[in-house]
Amino acid sequence: MTRPNAPAFAIPTDSALLSVRDLTKTFPGRRRLGRPSAPVRAVDGVSLDLGAGETLGLVGESGCGKSTTGRMLVRLLEPTSGAIAFDGQDITHVPQRRLRPTRRHLQMIFQDPYSSLNPRQTVARIISEPLLVQGTSAQAARDKAAELLDLVGLSPEHLDRHPHQFSGGQAQRIGIARALATGPRLIVADEPVSALDVSVQAQIVNLLERLQHELGLALLFIAHDLSVVKRICDRVAVMYLGRIVEVGDKRDVYDTPAHPYTRALLSAVPLPDPVAERRRERIVLLGDPPSPAAPPSGCAFHPRCPKAQEICRTRRPALTAVGPASRQAACHFPENG
Ligand SMILES: Nc1ncnc2c1ncn2[C@@H]1O[C@H](COP(=O)(O)OP(=O)(O)OP(=O)(O)O)[C@@H](O)[C@H]1O
Ligand code: SF4
Ligand SMILES: [Mg+2]
C-alpha cells in the first residue's frame, strides 16, 4: 500500500534530506505588441540530492534558472512538473496550510537584504514573524529574536530598530537571523553576498560557514562567484539554460571539469598566483546564453561550445557518470572521463 505522502519517485540515497526529480518551471509568455510571446522554460528537468548538513553550490550565468530552482525547492514557487521530497515526504503539491510543520525546516536567504526585509517593521518583528506563524508566543519570539541577533553578530539592543538603520552587511545578518528563527534543516541562500560591498562579503560568507557547521544545516548556495562556492561548498552543480550540466564533488569539478561549459566558467576565475594566472588558458564563450523561450536543439550549449560536433546539434546529452563515482556531466564528449 502506498503511503499518502510517499514520494512519487525512488529516493536514491537514504541520507538525502532533499531529493528533487525532473523539476520543471514554465512561465507563460508575456504579451508583446499585442501578440503572446513563447512560454519561458526557466527550469527544464532538474534532479538533485542534498544530504543533511551538506552544502551544494549552484552556479551558472544570469538567467539560467538558479533562483527559480531555489524558490521551488522551498515551495515559494509552484513547480510545473517534477517532484520534491523532503526528509522522505513528497512535498511537491502539499497545500501551504498542511505544509506548515515542514515549512519551518525550509528557509531562504535572499540576495538583496533591504528589499527582503519589511522597512516598516522592527527587527524584533521581522525575526519573530516566522515563529509567530508557527504559534510561538510574542514574548518567547522576542527572546528568541534577541538570541538570534547575538548568534549572527549583532547586538540584541538593535531589536527595536528598523532595517534602514543598518548597513547592507548588517541587514543581511538580520535576513540570516530570520531564516534561522524556526530552526530549519535546509536553507536556500540565493546570492546572499552579491549585493554587498566586497569588504563585507567575506564576513557574511564566514558567518554562513560557521552557522552551517555549528547548526548542521543543509545549504543550497546559489552564486555567480565560483571562488566563494569553492570555499564554502562540499559539492557543486553547474546550470545552463534550465538544466544541470555538471554536478559532483567540489574537488573533482574544480580540478578536472568534465563539461566544456564548466571549463569555460572556471577559466574566467582569477588565480591567486600571478604567474599561473598569466599562463593559464582562457576559454571565451561566444555570445550570450540563448533565450529559454527558444532553446537550441540537441545540446543547448552547442551554439557556444568550442567542442561541438554534428551529434550535438540533434541529440540532447543526458546527465551521466563521468570519472569519479559522484560526478555526472551532460556532454557527448566529456573531458576527464
Ligand atoms: N515570473 C517570471 N515570469 C517570466 N519569466 C521569468 C519569471 N521569473 C524568471 N523568469 C525567467 O526565467 C529564466 C530564469 O530566471 P532566474 O531568475 O531563475 O535565473 P537566475 O539564474 O537566478 O539569474 P540571475 O543570476 O540573474 O539571478 C530567465 O529567463 C527569467 O527571465
Ligand atoms: S554535447 Fe557537444 S555541444 Fe554539448 S557540451 Fe558536449 S561537446 Fe559541447
Ligand atoms: Mg537569480
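## Largest cavity

In this predicted model, the largest cavity has a lining of 13 residues, and those nearest its centre are C299, C305, C312, C331 and H332. By class, the lining is made up of 9 nonpolar residues, 3 polar residues and 1 charged residue.

The space in the largest cavity amounts to about 80 Å³. A search of the whole structure for cavities of 30 Å³ or more returns 1.

## Domains and their contact

The chain is split into two parts: domain 1 covers 16-26 + 41-233, and domain 2 covers 258-337. In the contact, domain 1 takes part with 7 residues and domain 2 with 9 residues. The C-alpha centres of domain 1 and domain 2 are 29 Å apart.

About 700 Å² of area is buried between domain 1 and domain 2, and carbon and sulfur atoms give 54% of that area. Which three residues supply more than any other three of the area that domain 1 buries against domain 2? They are R41, E61 and L226, which supply 62% of that area.

Definitions and conventions: Residues numbered from 1 in each chain as written. Chains lettered and ligands numbered in written order. Predicted model: local features only at pLDDT ≥ 70, side-chain atom pairs only at ≥ 80, totals over all residues. Heavy atoms only, no water. 1 Å grid on protein atoms, 1.4 Å probe; cavity = no way out; pocket = protein on both sides within 12 Å on 5 of 7 lines; lining within 4 Å. Points joined across faces, edges and corners; volume = space filled by probe spheres on them. Nonpolar A, V, L, I, M, F, W, Y, C, P; charged D, E, K, R; others polar. Domains from an automatic or database assignment. Contact = heavy atoms within 4.5 Å. Buried area = accessible area lost by both parts, 1.4 Å probe.
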